[in-house]
Amino acid sequence: GMAKQYKVTRFRKAVNRTASVMARLGKGPSWELTVTGRRSGEPRTVPVTPVDLDEARYLVAPYGAVAWVHNIRAAGEATLRRGGSTDRITVTEVDAQEAGPVLTVYFKALERIVGAYFDVPKEPTVEDFIAVADNHPVFRVN
């Protein structure tokens, strides 16, 4: 079947608010990503769940090229906040080959939440994620 399209529903807003609160408290897997809006110039904050793999940290956009993706592509930098720590970061978008293993780890950890948005088989391989990587931008934190 086709992967689900991401829509910001009232439920999704509530989930995001909860994830942001948890991140501020330093609990759960989420961090708060704040990036300057490419049109508004205002700071925009969303919860993200970074992936640490091979001594690198990555940000994954499971729902595709949503607003924060466009904003971070334009800005090239952001802040990641969790608990009492705030990190200024710059990012580099990675190609499908590098993204595949990252998406594999991310998907395994968060399949209950994001699984429906990935057009992959029931038991996906790294190759399956490489094939759909263009639909799920991945950024290496520099």
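Colleague: Which residues does Arg38 touch, not counting residues up to four places away in sequence?

Modeller: Bear in mind that this is a predicted model. In it, Arg38 touches Ala67, His70, Asn71 and Ala74, leaving aside residues up to four places away in sequence.

Colleague: Which of its contacts is a polar one between side chains?

Modeller: That's the one with Asn71: the side chain of Arg38 makes a polar contact with the side chain of Asn71, at 2.6 Å.

Colleague: And where in the fold is Arg38 found?

Modeller: Arg38 is in the loop between β1 and β2. Its C-alpha is separated by 12 Å from that of Glu77, and those two residues are 39 apart along the chain.

Colleague: Why does Arg38 count as partly exposed?

Modeller: Because its relative accessible area is 37%, and the partly exposed class sits between under 20% for buried and over 50% for exposed.

Colleague: OK, switching to the sheet. What's the strand order?

Modeller: The order is β2-β1-β5-β6-β7-β4-β3, an open sheet of seven strands with antiparallel pairing. At the edges you have β2 (43–48) and β3 (51–53), and each of those pairs on one side only. On average, neighbouring strands are turned by 35° against each other, direction ignored.

Colleague: What packs on that sheet, and which strands does it touch?

Modeller: Helix α1, residues 10–25, packs on the sheet and touches β1 (31–36), β2 and β5 (77–82). The direction of α1 makes about 105° with that of β1. There's also helix α2 (residues 67–75), which lies across β1, β2, β4, β5, β6 (85–93) and β7 and runs at about 60° to β1.

Colleague: Stay with α1 for a bit. How many residues does it have, and what's its reach?

Modeller: α1 has 16 residues and reaches 23 Å from its first C-alpha to its last, close to the expected 22 Å.

Colleague: Which α1 residues are buried?

Modeller: Arg12, Ala19, Ser20 and Ala23. Seen down the axis of α1, the buried residues fall within an arc of 100°, so they line one face of the helix.

Colleague: Why would residues three or four places apart point the same way?

Modeller: Because an α-helix has 3.6 residues a turn.

Colleague: What covers the buried residues of α1?

Modeller: The cover includes β1, β2, β5 and α3 (96–114).

Colleague: And which residues are exposed on the other side of α1?

Modeller: Over there Arg10, Phe11, Arg17 and Leu25 are exposed. Arg10 counts as exposed because its relative accessibility is 76%, where the class needs over 50%.

Colleague: What comes just after α1?

Modeller: Gly26, which takes a positive phi of about 75°.

Colleague: Back to the strands. How many bridges join β5 to β6?

Modeller: Six, and β5 and β6 run antiparallel. Ala78 has Ile89 in β6 as its bridge partner. The two strands form a hairpin with two residues between them, and Gly83 in the turn has a positive phi of about 55°.

Colleague: How about β6 with β7: how many bridges there?

Modeller: Three, in the antiparallel sense. Glu93 stands opposite Phe139 in β7.

Colleague: Which residue is Phe139 the bridge partner of, then?

Modeller: Phe139 in β7 is the bridge partner of Leu59. Strand β4 (residues 56–60) pairs with β7 (residues 138–141) over four bridges, again in the antiparallel sense.

Definitions and conventions: Residues are numbered from 1 along each chain as its sequence is written. This is a predicted model: local features need pLDDT of at least 70, side-chain atom pairs count only at pLDDT 80 or more; totals for chains, interfaces and linings use all residues. Side-chain values use heavy atoms; hydrogens and water are left out. Two strands pair if DSSP finds at least two bridges between them. Axes are lines fitted to C-alpha atoms, for helices over the stretch in contact, and angles run from 0 to 180 degrees between N-to-C directions. Contact means heavy atoms within 4.5 Å. The expected span of a helix is 1.5 Å times one less than its number of residues. Buried means under 20% relative accessible area, exposed over 50%, partly exposed in between (1.4 Å probe, protein chains only). The arc is that of the directions from the helix axis to the C-beta atoms. A polar contact is a pair of N or O atoms within 3.5 Å; within protein, one must be able to donate a hydrogen and the other to accept it, and residues adjacent in sequence count only if both atoms are side-chain atoms.
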